[in-house]
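Subject: Structure for your review

Hello,

Please find the structure below, with the sequence alongside. My notes come after it.

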Amino acid sequence: MNTFKTIAKSAFLAVLISGCGSTGDIISTPTENIDNSPLKVSELTEAEKHNWGHLDLVTDTIPGMSVDKAYTELVKKKKGKKVIVAVIDSGIDIDHEDLDDVIWTNKDEIPNNNIDDDKNGYIDDIHGWNFLGKGYDEQLELVRILVKGDKTNPDYERAKAEYEEEYAKWLERKTQYDQIYEQIKNADETLANHLGKKDYTKEEVNAIKTEDDVLNRSVQIAKYMFSNNMDSMADAVKEIGSSLESINDRLNSNLNKDLKGRVTGDDPYDMSTKYYGDGNVKPVKKSESHGTHVAGIIAAERNNGLGANGVANNVEIMSIRAVPNGDEYDKDVALAIRYAVDNGAQVINGSFGKSYSPNSEWVRDAITYASENDVVFVHAAGNDSKDVDTEPNFPDDNINGKEISNTYIRVGALSPKYGSNMVASFSNYGKQNVDVFAPGDSVYSTTPENEYDTKGGTSMAAPAVAGVAALIRSYFPDLSAAQVKQVIMESGLAINRKVIVGGDSEDVRPFADLSKSSRMVNAYNAFIIAAKMAAK
């Protein structure tokens, strides 16, 4: 699972290390008449930032999924059925104030009696299952390939070359960020001492006139940070510090050949052992926040006066802890999918992915199993700015270009500003192997210990779509999983304009060329088309 997102631009690095010195047409689905939607000129308000993925492109000029509009005009007081959504991810804070009422409970299991009451092979699986045990830090799959030392593996040489490139890149990045962090921290301390307080303002910094070289350099650093959307130097210190922590994680865990991450006692390359791990689905530490954030995007309790609203209002979240701080094991993912299906999930969200998959057939078999059992599987496209039609990202649902599931949906990420930059710079894409796009950059949601935060990634776009799938399955329970996918694919807004791809301003393509459907998901239209399909 690669969640690191580079913050500093190359110019930013150079400054800190060396010193300071028209609208497009939108083609609508038949259910909505949209044309010439204007570009949003003003900055998003705080409320819009926290809810942009639920807003409407026409009304708000923000490329959201029209979730709020769907509830206001269509869902209203209709009664739906409960839908179980399995979240295969890192641990989930099931006691979070905005999630505690939407957590799935296995009613056939008696808590903490150390007996497999429901005879499913998993003892005390009250809210799901934890395939990682007490472990969390893990290597990337390419490192595991090298550690195994099998040079006959067709991926060995590619993994070796990529490892050497990656290790050198992250080591250089660590050197840069160490310097940046020290300089920002020192500048913050210098300004605080000069102004006599830690919570100084931009205006106070801009008003400083000095001939002192150290103070002047600190002012220039602060001004540069403010120009890069930092509200304060304290925020800059925190954000760069967080990035440095991610870099150290990459070197000390993900790229560390000596790391022994597996603690469950099973052989991850042997599918004959299946009942390992435990029933504790919570994070092992507060910073393990990814799963909690994903769960909130799907199902944070709506309109309860707390921090975030989920997409779906009639959901129970089944927590399956299988994604470490590193690359997930194929065995864990395959068993997690099967556990979800066997225990009643109707939608599965998978916000994870990797470039190497030694046992990809295990996962494809599980995806097929989900499809055969009428379960929608929603998967993040990945955050490498790559075309997954030519550079594989696992898991996928195809063998030699032939799809093995008609209920698998792969999702790319949108940014909150409609226009040429609406596709998130990090998002993978693919005309054949990415199905749709949905809000994924700068998404506000739940994090452990009753907190909330903004995160970006296709990891955030997938649960947005899983929420729409759950919404359809709740109010139109007679539709099959394949029909739910069809609704989502056909009901989105088709954007007839060119966009920047992979954050490269030289790479501009029609939005329609980036996914199979050529569309961005729209909950309002999905509800209308689902209603028509159900009526037939």
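This is a predicted model: local features need pLDDT of at least 70, side-chain atom pairs count only at pLDDT 80 or more; totals for chains, interfaces and linings use all residues.

Residues are numbered from 1 along each chain as its sequence is written, and side-chain values use heavy atoms, with hydrogens and water left out.

Helix pairs

Two packed helices are described by the angle between their axes and the distance between the axes. Here the axes are lines fitted to C-alpha atoms, for helices over the stretch in contact, with angles running from 0 to 180 degrees between N-to-C directions. Helices (H or I, at least four residues) and strands (E, at least two) are DSSP runs, numbered from the N terminus.

Helix α11 (residues 330-342) and helix α12 (residues 360-372) have axes that come within 8 Å and cross at roughly 10°. That makes α11 roughly parallel to α12; angles under 35 degrees count as roughly parallel, over 145 as roughly antiparallel, 65 to 115 as roughly perpendicular and the rest as oblique. The crossing of α11 past α12 is left-handed (left-handed if the near helix is turned anticlockwise from the far one by less than a right angle, right-handed if clockwise). On the α11 side the contact (heavy atoms within 4.5 Å) includes Val 333, Ala 334, Ile 337 and Val 341, and on the α12 side it includes Trp 362, Val 363, Ala 366 and Ile 367. By class, this contact of α11 with α12 has 10 nonpolar, 1 polar and 5 charged residues. For these classes, Ala, Val, Leu, Ile, Met, Phe, Trp, Tyr, Cys and Pro count as nonpolar, Asp, Glu, Lys and Arg as charged, and the others, Gly among them, as polar.

For helix α14 (residues 481-491) and helix α15 (residues 523-535), the axes come within 9 Å and cross at roughly 130°. α14 and α15 are therefore oblique to each other, and α14 passes α15 in a right-handed crossing. Gln 483, Gln 486, Val 487, Glu 490 and Ser 491 of α14 make the contact with Asn 525, Ala 526, Ile 529, Ala 530 and Met 533 of α15. Its residues divide into 5 nonpolar, 4 polar and 1 charged.

Helix α10 (residues 290-299) and α13 cross at roughly 35°, with axes that come within 8 Å. This crossing of α10 and α13 is right-handed. In α10, His 290, His 293, Val 294, Ile 297 and Ile 298 meet Ser 459, Met 460, Pro 463, Ala 464, Ala 466 and Gly 467 in α13. The contact of α10 with α13 has 7 nonpolar, 4 polar and no charged residues.

Cores

A nonpolar core is a set of buried Ala, Val, Leu, Ile, Met, Phe, Trp, Tyr and Cys residues joined through side-chain atoms within 4.5 Å. Buried means under 20% relative accessible area, exposed over 50%, and partly exposed in between (1.4 Å probe, protein chains only).

The largest nonpolar core has 85 residues, and Ile 298, Ile 317, Val 465, Val 468, Ile 472, Ile 488 and Phe 511 touch the most other members. Helix α13 (residues 458-475) gives the largest share of this core, 12 residues. Leaving aside neighbours within four places in sequence, Ile 488 is in contact with Ile 409, Val 436, Val 465, Val 468, Ala 469, Ile 472 and Val 521. Another core, of 34 residues, lies apart from it; among them are Ile 184, Phe 226, Met 233 and Leu 244.

A covered helix

Helix α5 (residues 141-148) is mostly covered, with 6 of its 8 residues buried. The buried residues of α5 pack against α6 (156-195) and α9 (233-254). Just after α5, Gly 149 takes a positive phi of about 75°.

Backbone details

Most residues other than glycine have a negative phi, and most peptide bonds are trans. Phe 394 and Pro 395 are joined by a cis peptide bond, with omega about 0°. Pro 395 is in the loop between β6 (376-380) and β7 (398-399).

Asn 400 has a positive phi, near 55°, and lies in the loop between β7 and β8 (402-403). Asn 400 is exposed, with a relative accessible area of 81%. Phi of Ser 442 is positive too, near 55°. Ser 442 sits in the loop between β10 (436-439) and β11 (443-447) and is partly exposed, with a relative accessible area of 33%.

Regards
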